[in-house]
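Please read the following report alongside the sequence and the coordinates.

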Number of protein chains: 2
Amino acid sequence: MGSDNGPAVVVDGIAKSAAINPDVSFILHGRASELEPLVAKRKLGHRVTIADAQDVVSMDDKPSHVMRNGKDTSMWSAIESVRQNDAQVAVSCGNTGALMAISMIRLRKLEGVNRPAIACLWPSRNPSGFNVMLDVGADIRADQDDLLQYALMGASYARNGLGLTRPRIGLLNVGTEEHKGRAELKVAHDLIEKNARSAEFDFVGFVEGGDIPSDRVDVIVTDGFTGNVALKTGEGTAALIRDLLREAFNHSILSKLAAVLALGSLKRLQKRIDPRRVNGGIFLGLNGTVVKSHGSADATGVSAAIKLAVTLAEGNFNERLAARVASAEGHPVQEHAP
Amino acid sequence: MGSDNGPAVVVDGIAKSAAINPDVSFILHGRASELEPLVAKRKLGHRVTIADAQDVVSMDDKPSHVMRNGKDTSMWSAIESVRQNDAQVAVSCGNTGALMAISMIRLRKLEGVNRPAIACLWPSRNPSGFNVMLDVGADIRADQDDLLQYALMGASYARNGLGLTRPRIGLLNVGTEEHKGRAELKVAHDLIEKNARSAEFDFVGFVEGGDIPSDRVDVIVTDGFTGNVALKTGEGTAALIRDLLREAFNHSILSKLAAVLALGSLKRLQKRIDPRRVNGGIFLGLNGTVVKSHGSADATGVSAAIKLAVTLAEGNFNERLAARVASAEGHPVQEHAP
């Protein structure tokens with residue numbers, strides 16, 4: 001209900017996914033009076049159950065307000081359906097902060113996780129076409145133990161969501177030399193290295209901003225402040241180039257003709273870096289799986305988020321993640337704490 | 001001497017700049033035996049003085065090592081020429097960390113500046129085509145007072161380097177709502193706001209990563225860790241798109257034909273986001289001006305860095321900057337410190 005484009009787009013996304021995945025069923029949370037006609041129009045009645053919820057979380061609502069007053073919202077209802085095992089995964093295009101806040105208080109943190117994280121997919125030179133980066137905004141701080149947990153959770157997500165049997169983990173820093181970077185990053189470096197073998201990932205050490213879209217690494221670990229800035233900077237840079245490219249091709253008759261000829265090529269490029277295809281941030285470290293789609297997602301974007309949700313549900317992702325975090329090697333935190 | 005492409009490229013850049021700027025003269029620091037033939041070949045003998053220095057700082061040298069053992073390097077000699085007022089600005093394509101370290105110990109910090117910063121230019125939707133961002137890597141931390149100084153120095157640089165009479169300053173954060181972000185950012189927000197009037201800039205408040213390439217803001221203020229990650233992420237994203245674009249146009253005969261027709265358009269785009277044109281990070285907050293060019297700069301890049309250096313020297317930039325920092329409004333730091 002609370003996405004930028006309203007519920008019709010979400011129902012369109014469900015229709016796309018329903019056609020591809022005959023075994024998946026949907027619980028749609030929101031105002032039944034609005035949703036019923038949308039579902040009926042697309043003949044999805046046999047695939048979709050509507051969970052009536054009268055209130056809507058808007059993009060401007062503060063998480064703290066929603067936590068206190070949000071019990072009748074569609075967002076709350078969706079998270080509640082995961083808590084009660086009616087749904088295996090929740091998908092939302094709504095307010096990220098509010099969604100994380102509700103998820104935190106209703107699903108609770110996984111045993112052993114101090115700060116849950118949001119992981120995003122990032123276009124890269126990897127064979128799969130993507131990297132995973134976390135945290136991109138669940139929390140603005142992360143200490144060395146949080147960073148270790150992000151590494152474990154990110155590795156588990158890359159394995160179950162992207163199908164990488166032995167993901168390569170990198171820790172984001174400003175330089176690869178040993179004398180650079182913050183103190184907690186050096187401690188985190190050693191903690192992650194220590195856990196690489198038992199958690200079945202390769203640790204490539206420190207990586208820099210330029211490595212995020214590279215094929216050096218599958219999972220980039222960082223605090224939520226830095227990760228959020230990096231994510232939005234990357235998106236903003238891509239958007240700028242897209243606009244400048246459009247401008248360049250609109251410059252003259254010749255360039256317009258070239259654009260027509262290049263249409264196929266440009267579409268291939270667009271597809272490669274299309275945010276809709278990488279749509280689906282995921283909340284990691286909770287007792288339940290929550291996929292956060294872009295607020296401005298269209299039907300293709302919603303369908304991509306559902307596809308990710310289905311993949312994770314089929315692989316019992318959250319049970320595997322929990323086991324992974326629980327088996328992290330003990331480390332003398334007190335020794336390192338400042 | 002210590003750039004990726006060697007001294008010939010630097011001399012080529014000087015030749016380009018010398019042709020455009022008849023009033024500028026150059027002191028070239030490095031091994032005279034190598035430099036003399038390069039200068040003679042380009043008939044620059046009357047414009048260039050060679051300052052012989054036998055040692056070279058390599059890209060792998062640690063700053064601490066260079067500080068102790070670097071007295072005979074070309075880099076040290078170049079900074080020394082600024083310190084002794086033989087040169088008005090130093091330009092280097094060498095090791096950034098070493099250059100900052102030498103600049104710090106020889107030029108010393110400006111009165112009132114706690115942490116000098118590196119400012120870079122960033123392709124944006126602004127009329128000038130660029131934003132300024134600082135700090136992008138001089139220091140990995142910045143407290144509220146440092147952030148205020150970055151705002152003052154960035155405004156002064158935008159005024160004198162980019163010709164913006166009333167620059168718009170933004171403080172980088174993860175969200176624009178008042179409840180987000182780190183505590184020191186909130187204090188810095190108020191400090192910068194308080195100084196906007198007397199320092200003759202507009203404060204647009206918090207900005208996000210996506211605003212960096214936007215036309216909302218002229219100067220983005222952040223700590224050196226976040227700024228460095230953002231800079232390299234943006235560069236990496238642009239490089240990825242450039243490669244994918246090339247791939248897309250190489251895909252078929254038709255797309256290759258389109259590429260030929262689109263050549264002009266693509267060159268316009270390339271020029272717009274060409275790192276060589278925005279070449280020239282600048283060190284702010286020292287008793288002297290130092291322009292840091294990309295290590296991999298070609299002659300065009302070196303010439304762009306020299307152009308920036310000339311602009312700043314002609315405007316007596318460093319005197320203006322010093323006056324601006326000195327006149328910062330007092331602020332009750334103790335009240336806000338955690």
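Which residues does V56(B) touch, not counting residues up to four places away in sequence? V56(B) touches M1(B), G2(B), R31(B), D61(B) and T73(B), where contact means heavy atoms within 4.5 Å.

This is a predicted model, in which local features need pLDDT of at least 70 and side-chain atom pairs count only at pLDDT 80 or more, while totals for chains, interfaces and linings use all residues. Residues are numbered from 1 along each chain as its sequence is written, chains are lettered from A and ligands numbered from 1 in the order in which they are written, and side-chain values use heavy atoms, with hydrogens and water left out.

V56(B) lies in the loop of chain B between β2 (48-52) and α3 (63-69); helices (H or I, at least four residues) and strands (E, at least two) are DSSP runs, numbered from the N terminus. With a relative accessible area of 28%, V56(B) is partly exposed, a class that lies between buried (under 20% relative accessible area) and exposed (over 50%), as found with a 1.4 Å probe and protein chains only. V56(B) and L286(B) are 230 residues apart along the chain, and their C-alpha atoms are separated by 23 Å.

S74(B) belongs to helix α4 (residues 74-83) of chain B and is buried, its relative accessible area being 8%. When its neighbours within four places in sequence are left aside, the contacts of S74(B) are M1(B), H29(B), G30(B), A53(B) and D55(B).

**Chain A as a whole**

Chain A contains 13 helices and 10 strands, and its C-alpha atoms fill a box of roughly 60 × 60 × 35 Å along the principal axes. Of the 338 residues of chain A, 57% count as buried. Among the contacts in chain A with a separation of 6 or more, residues 24 or more positions apart account for 70%.

Helix α4 (residues 74-83) of chain A has nine of its 10 residues buried, so it is largely enclosed by the rest of the structure. The buried residues of α4(A) are S74(A), M75(A), W76(A), S77(A), A78(A), I79(A), E80(A), S81(A) and V82(A). Their cover includes β1 (26-30), β2 (48-52), α3 (63-69), β3 (89-92), α5 (96-107) and β10 (289-292) of chain A. After α4(A) comes N85(A), whose phi is positive, near 65 degrees.

**The interface**

How many residues does each chain bring to the contact? Chain B gives 58 residues and chain A gives 58 residues. The area buried between chain B and chain A is about 4,900 Å², with carbon and sulfur atoms giving 69% of it; buried area here is the accessible area (1.4 Å probe) that two parts lose on being put together, summed over both. In chain B, the residues that lose the most area to chain A are R182(B), F225(B) and L261(B), which together make up 14% of what that side buries.

**Backbone details**

| Cis peptide bond | Omega |
|---|---|
| L134(A) and D135(A) | about -5 degrees |
| L134(B) and D135(B) | about -5 degrees |

D135(A) sits in the loop between β5 (130-134) and α6 (144-161) of chain A, and D135(B) sits in the loop between β5 (130-134) and α6 (144-161) of chain B.

E200(A), a residue other than glycine, has a positive phi near 60 degrees. Its place is in the loop between α7 (183-195) and β7 (202-207) of chain A, and E200(A) is partly exposed, with a relative accessible area of 40%. Not counting residues up to four places away in sequence, E200(A) touches R159(A), T165(A), R166(A), P167(A) and R324(A).

N316(B) is not a glycine either, yet has a positive phi of about 50 degrees. N316(B) is found in the loop between α11 (299-314) and α12 (317-326) of chain B, and at 44% relative accessibility it counts as partly exposed.
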